[in-house]
Amino acid sequence: MGSSEAEKPLRRIAASFEELAAVAKQQPAGAMDAGAFSGACSNVSVLFGCLGIAFKFAEMDYVAKVNDLVEASKTISTLPSMVELDIQNDTVRKAGSHTRNMLRVKRGIDMVKVLFEQILVTEGNSLRDAASVAYAQVFAPHHGRAIRMAVAAGMYALPSKSQLLKKLNEDGEGLSKGSNAELRQIIGTSNPLRGRTIYLKEFRHRLVKR
Ligand code: 1PZ
């Protein structure tokens with residue numbers, strides 16, 4: 001990681017998703033490398049630091065799950081093999097299983113994608129509308145009432161769009177050309193990933209069957 005990448009987290013996130021998309025292309029359908037995937041997901045954690053104290057709990061939850069995948073990737077090389085092992089052990093839905101953590105983390109990536117899309121399409125400087133739409137679309141259907149209420153309250157404590165970009169060392173005046181391009185790159189590269197990495201359809205089928 002070069003120092004310019006460290007200074008510009010969006011660039012680093014975009015680069016790691018780009019790499020991951022390239023890795024995905026080389027591999028047979030679905031056989032995503034677990035180390036590459038979890039490494040890219042851990043780069044996303046930096047965004048939480050910019051969202052303020054209200055999202056500390058989300059950060060802890062996300063980071064713990066990514067760390068589990070990072071550890072697991074040392075002995076299990078692909079995401080499908082992690083899922084396969086959990087199926088064999090009947091632990092797919094068990095709290096803390098690699099498969100369950102993978103699904104949560106994947107939702108986190110979806111959340112980032114939708115959030116960035118929404119940041120680009122919503123007018124004005126507030127992050128709350130963008131974040132609310134993204135949360136409603138990605139996580140709310142899977143969260144109970146208590147968590148949904150806490151998240152809704154936390155939304156009021158979010159920084160503004162320009163504050164967020166400033167914290168990310170992008171232009172503090174709003175969406176600069178540069179950060180705009182990086183947001184688009186993240187959005188673009190996370191698309192093919194979602195299709196290929198986790199073979200989610202198959203995964204959902206198996207979950208539903210249980
Ligand atoms: C800029 C706006 C940001 C809004 C971020 C909203 C993020 C969602 C907040 C979620 C609160 C987390 C509460 C923990 C929920 C856990 O119960 C579940 C299930 O865990 P399990 O039972 O399997 O152990 N965990 C999750 O659903 C994963 C939550 C990860 C949140 C990642 C969000 C990434 C978004 C980044 C935005 C920059």
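Reader: With helices (H or I, at least four residues) and strands (E, at least two) taken as DSSP runs numbered from the N terminus, where does Asp90 lie?

Author: Asp90 lies in the loop between helix H6 (79-89) and H7. The model is a predicted one, in which local features need pLDDT of at least 70 and side-chain atom pairs count only at pLDDT 80 or more, whereas totals for chains, interfaces and linings use all residues. Residues are numbered from 1 along each chain as its sequence is written, and side-chain values use heavy atoms, with hydrogens and water left out.

Reader: What is the phi of Asp90?

Author: Its phi is near 60 degrees, a positive value in a residue other than glycine.

Reader: Is Asp90 buried or exposed?

Author: Buried means under 20% relative accessible area, exposed over 50%, and partly exposed in between, with a 1.4 Å probe and protein chains only. Asp90 counts as exposed because its relative accessibility is 56%.

Reader: Stepping back, how many helices and strands are there?

Author: There are 12 helices and 0 strands. Read along the sequence, the pattern is α-α-α-α-α-α-α-α-α-α-α-α.

Reader: And what share of the residues is buried?

Author: Of the protein's 210 residues, 47% count as buried. As for contacts (heavy atoms within 4.5 Å), among those between residues at least 6 apart in sequence, 70% join residues at least 24 apart.

Reader: Which residues touch the most other members of the largest nonpolar core?

Author: A nonpolar core is a set of buried Ala, Val, Leu, Ile, Met, Phe, Trp, Tyr and Cys residues joined through side-chain atoms within 4.5 Å. The largest one has 52 residues, of which Leu10, Phe37, Val44, Leu47, Tyr62, Phe116 and Ile119 touch the most other members.

Reader: Which helix gives this core its largest share?

Author: Helix H7 (residues 98-121) does, with 9 residues.

Reader: Tyr62 is on that list. What is Tyr62 in contact with, leaving aside neighbours within four places in sequence?

Author: Its partners are Cys41, Val44, Ser45, Phe48, Val105, Gly108 and Ile109.

Reader: How many aromatic pairs are found in the whole structure?

Author: The search finds 2 aromatic pairs. In one of them, Phe48 and Tyr62 are 5.5 Å apart centre to centre, with 45 degrees between the planes, and the pair is tilted. Phe48 belongs to helix H4 (residues 46-49) and Tyr62 to helix H5 (residues 56-72), 14 residues apart, so the pair links distant parts of the chain. Both Phe48 and Tyr62 are buried. By the rule, rings of Phe, Tyr and Trp (its six-membered ring) pair if their centres lie within 6.5 Å; planes under 30 degrees apart count as stacked, over 60 as edge-to-face and the rest as tilted.

Reader: Cys41 came up among the contacts of Tyr62. How many disulfides are there?

Author: There are 0 in the whole structure, a disulfide being a pair of cysteine sulfur atoms within 2.5 Å. Cys41 counts as buried at 1% relative accessibility, and Cys50 is buried at 6%.

Reader: Now charges: how many salt bridges are counted?

Author: The count comes to 5 salt bridges, each a side-chain nitrogen of Lys or Arg within 4 Å of a carboxyl oxygen of Asp or Glu. Among them is Glu117 with Lys113, at 2.7 Å from N to O.

Reader: How are Glu117 and Lys113 placed in helix H7?

Author: They are separated by about one helical turn, because they are 4 residues apart in H7. Lys113 is buried, with a relative accessible area of 7%, while Glu117 counts as partly exposed at 26%.

Reader: Which residue does Glu59 bridge to?

Author: Glu59 pairs with Lys56, and their closest N and O atoms are 3.3 Å apart. These two are 3 residues apart in helix H5, so about one helical turn separates them. Glu59 counts as buried at 18% relative accessibility, and Lys56 as partly exposed at 39%.

Reader: Last topic: which residues are buried in helix H8 (residues 128-138)?

Author: Ala130, Ala131, Ala134, Tyr135 and Val138 are buried there. They lie on the same side of H8, because they cover an arc of only 125 degrees around the axis; the arc is that of the directions from the helix axis to the C-beta atoms.

Reader: What covers the buried residues of H8?

Author: The covering elements include H7 and helix H9 (145-155).
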